[in-house]
Amino acid sequence: MEVGLSHTDAFVKLALLDGGSFLGDLSRLHAGESGTFRMYNWAFYIAHQGRHILWDLGLDEDRSCYTPWVNKFMLDIVNHVGPRRTIVQQLAQRGVAAEDVDTVLFSHAHWDHSRPISDLFPNAMAYFGPGTRVACQPGHMRDPSLQWDGRFFDPENSTEKWDELHGVWKPFGPFERALDYFGDGSFWILDAPGHMPGNLAAAARLQDGEWVILGSDYLSSAKETIAKIGLLETKFGAHTALAHDASWLKKGTDQVLMSLLDDEMRVAAQEKIPYDEIP
Ligand SMILES: [Zn+2]
């Protein structure tokens, strides 16, 4: 299964977190269709060697935590809802305190994945992919018409502890640039260009040796990245969990991905998500 990906026995603990949802526009998904559908928004929790890490944060119901641009051009339109159990509550149910979270990795800087963390996770440092800073500075505090969040990207008045990911990028399967995050081959951050500058995906090795790809967002413009993730599935047997994809939860047949759910999400996958309801 893992031949050619990473020769290791090391593994991480990986869990899916409910990051809320919003109403997506069908016409953007299928030409010729109209109407809306519920777009779910997953985040992930990764534990390894005493570390507690989040991959994306999903949505906060509180509009005041978003920039004016996001409020005007997104939230006025998409009817977003936060998760029924906040990310902090979901972590607590897994025995993890907010103070324990040391790192939040953001797949990219879009509002439905990233937001300031200093209030929620006081001991955490945030990371974005290389190229994010140049693309997103200075952000909304300098100019309210900018969509990017100045609390991260304002060169002088940022409030958030964050950096771009640095390290030795090396090949991982079909990806030319990947970061062996813990240094033991169990968790790789993948440079996955196409969606926006700094866009990342990740590959996590579970205890049973299976690989789960955190595919975050990619649009049809990211053909190369889509092809590479496809190769990870077909050639290497990896299982992909995209940030907005609920199809595998509805089917419920991929036991590797289903193992990422807690009991309440397992029930929601059967009783709520198939009907576009809030989990
Ligand atoms: Zn997204």
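Is P193 buried, exposed or partly exposed, and why?

Modeller: Happy to! First, a note on the ground rules: this is a predicted model, in which local features need pLDDT of at least 70 and side-chain atom pairs count only at pLDDT 80 or more, while totals for chains, interfaces and linings use all residues. Residues are numbered from 1 along each chain as its sequence is written.

P193 is partly exposed, because 18 other C-beta atoms lie within 10 Å. For that scale, a residue is buried if 20 or more other C-beta atoms lie within 10 Å of its own, exposed if 12 or fewer, and partly exposed in between, with C-beta atoms placed from the backbone. P193 sits in the loop that links β9 (187-191) to β10 (200-205); helices (H or I, at least four residues) and strands (E, at least two) are DSSP runs, numbered from the N terminus. Setting aside neighbours within four places in sequence, P193 has contacts with N199, A222 and T225, a contact being two C-beta atoms, placed from the backbone, within 7 Å.

Now for the sheet around that loop. Both β9 and β10 belong to an open sheet of six strands, ordered β7-β8-β9-β10-β11-β12, with mixed pairing; two strands pair if DSSP finds at least two bridges between them. At its edges are β7 (169-172) and β12, each pairing on one side only. From one strand to the next the twist averages 35°, where axes are lines fitted to C-alpha atoms, for helices over the stretch in contact, and angles run from 0 to 180 degrees between N-to-C directions.

Strand β9 pairs with β8 (residues 175-180) in the antiparallel sense over three bridges, and there I189 stands opposite L179. Further along, β11 (residues 211-216) and β12 make a parallel pair over four bridges, with V212 opposite H239. Strand β12 (residues 239-242) has H239 and A241 on its covered face, and T240 and L242 on its uncovered one. In a regular strand the side chains alternate between the two faces of the sheet.

One helix also belongs in this picture: α6 (residues 223-234) lies across β8, β10, β11 and β12 and runs at about 160° to β11. T225, one of the contacts of P193, falls within the residue range of α6.

Stepping back, the protein has nine helices and twelve strands, and 40% of its 279 residues count as buried. Its C-alpha trace spans about 50 × 45 × 40 Å along the principal axes.
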